[in-house]
Amino acid sequence: MSDPAQALSRVLGSGSAHEGAHHWRVQRLTALALVLLVPWLLVSLARLPDFSFSSVQGFVAGLGHAVLLVLLVIAAAWHSQLGVQVVIEDYFGGAVRRTLLVISAFLHVLLGAVGVLAVMRVAFTAQL
């Protein structure tokens, strides 16, 4: 048997960081946001007279619609990042895990930023 002090020092820092509950809550909140926002978007798009650029641009130009679309993009990117993080943590270890987590975080931030900028560009172009 090894010394209990050695065993304790070996596992310290390897256990729970008590972030699991926070991760779980945020993933459920982003899922709830998506459950509300995706049907809103689908119904809103179905009510458009056609899917021409001018019709969609007029839809996005509304302040309320633009805000809800930005929230949808942010919630989707965040929710996706949380899900990909869990998969990476479950299937990879060591330096590969850390590298993939950093790459995933950067790509999801980039994805969210591009989505928000696209909504803003369409919304503001309609104002000109």
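## About the model

The model is predicted, so to speak of local features a pLDDT of at least 70 is needed, side-chain atom pairs count only at pLDDT 80 or more, and totals for chains, interfaces and linings use all residues. Residues are numbered from 1 along each chain as its sequence is written, and side-chain values use heavy atoms, with hydrogens and water left out.

## The overall fold

Let us begin with the whole chain. It holds 5 helices and 0 strands, giving the pattern α-α-α-α-α along the sequence. Helices (H or I, at least four residues) and strands (E, at least two) are DSSP runs, numbered from the N terminus.

Of the 128 residues, 24% count as buried; buried means under 20% relative accessible area, exposed over 50%, and partly exposed in between (1.4 Å probe, protein chains only). The chain exposes about 9100 Å², with carbon and sulfur atoms supplying 72% of that area; areas come from the Shrake-Rupley method with a 1.4 Å probe, and for residues only the protein chains shown count as cover. Among contacts (heavy atoms within 4.5 Å) between residues at least 6 apart in sequence, 70% join residues at least 24 apart.

The expected span is 1.5 Å times one less than the number of residues. Buried residues in helix 2 include H23, V26, L34, W40 and L41, and what covers the buried residues of this helix includes helix 3 and helix 4.

Helix 5 covers residues 94–125. With 32 residues, helix 5 reaches 46 Å from its first C-alpha to its last, close to the 46 Å expected. Its buried residues are S104, H108, G112, G115, V116, V119 and A123. Here too, the cover includes helix 3 (53–61) and helix 4.

Q81 is in helix 4 and counts as buried because its relative accessibility is 17%. Leaving aside neighbours within four places in sequence, Q81 is in contact with S104, A105 and H108. S104, found in helix 5, is buried as well, with a relative accessible area of 6%.

Beyond its neighbours within four places in sequence, E89 is in contact with R97 and L101. The C-alpha atoms of E89 and L100 are separated by 9.3 Å, and these residues are 11 apart along the chain.

## The largest pocket

The largest pocket has a volume of about 170 Å³. It is lined by E19, G20, H22, H23, Q85, V86, E89 and D90. Helix 2 (20–46) and helix 4 (63–91) each supply at least two lining residues, and the largest share, 4 residues, comes from helix 4.

On a 1 Å grid over the protein atoms alone, a pocket is an open set of points where a 1.4 Å probe fits, with protein on both sides within 12 Å along at least five of seven lines; lining residues have an atom within 4 Å of a point. Grid points are joined across faces, edges and corners, and the volume is the space filled by probe spheres set on the points.
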